[in-house]
Amino acid sequence: MVRRRVPLVTLMLVAAGLVAGGLWWWAVARLLLVPGETGPVEGAVAAGGWGLSLLPVHVAASSGRGEGAWARLTRASRRRRWGGGSAPS
């Protein structure tokens, strides 16, 4: 079994994503469960998270030579798994 070390930047990005997701769910739950007690902060967090989900997939940074950790995590593998090309259709 090969053990790989995860870069600190990757761990920090994952942690930040989990925290942001938790805050969004908290805001949405408060808006749904106790709408009379919520304020503009909960509304802004819920609307902002919903708005981010509407961004199309192609709105992403292009990966070049100096790609960062996020681009390496989100990019699909481009290497061929078998030696041949695609079969004729």
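Helix α1 gives the most to the nonpolar patch, with three residues. This is a predicted model: local features need pLDDT of at least 70, side-chain atom pairs count only at pLDDT 80 or more, and totals for chains, interfaces and linings use all residues. Residues are numbered from 1 along each chain as its sequence is written, and side-chain values use heavy atoms, with hydrogens and water left out.

**The patch.** Its members are Val19, Leu23, Trp26, Val41 and Val45. Together they have about 460 Å² of accessible area on the surface. Patches are made of residues with over 30% relative accessible area and no salt bridge; like charges are joined within 9 Å, and nonpolar side chains (Val, Leu, Ile, Met, Phe, Trp, Tyr) within 5 Å. The elements that give two or more residues to this patch are α1 and α2. Accessible areas come from the Shrake-Rupley method with a 1.4 Å probe; for residues, only the protein chains shown count as cover.

**The chain.** The protein chain has three helices and zero strands. Its pattern along the sequence is α-α-α. Helices (H or I, at least four residues) and strands (E, at least two) are DSSP runs, numbered from the N terminus. The chain exposes about 8200 Å², and carbon and sulfur atoms supply 65% of that area. Of its 89 residues, 10% are buried. Buried means under 20% relative accessible area, exposed over 50%, and partly exposed in between (1.4 Å probe, protein chains only).

**The crossing.** The axes of α1 and α2 come within 8 Å. They cross at roughly 120°. Axes are lines fitted to C-alpha atoms, for helices over the stretch in contact, with angles from 0 to 180 degrees between N-to-C directions. The two helices α1 and α2 are therefore oblique to each other. Angles under 35 degrees count as roughly parallel, over 145 as roughly antiparallel, 65 to 115 as roughly perpendicular, and the rest as oblique.

**The salt bridge.** Side chains of opposite charge can pair when their charged atoms come close. A search of the whole structure finds one salt bridge (a side-chain nitrogen of Lys or Arg within 4 Å of a carboxyl oxygen of Asp or Glu). Here the side chains of Arg30 and Glu42 meet, at 3.1 Å from N to O. Arg30 lies in α1 (residues 8-33) and Glu42 in α2 (residues 40-53), so the pair ties together parts that are twelve residues apart in sequence. Arg30 also has a C-alpha atom 9.3 Å from that of Gly43, 13 residues apart along the chain.

| Residue | Relative accessible area | Class |
|---|---|---|
| Arg30 | 24% | partly exposed |
| Val41 | 56% | exposed |
| Glu42 | 9% | buried |

Val41, a member of the patch, sits in helix α2.
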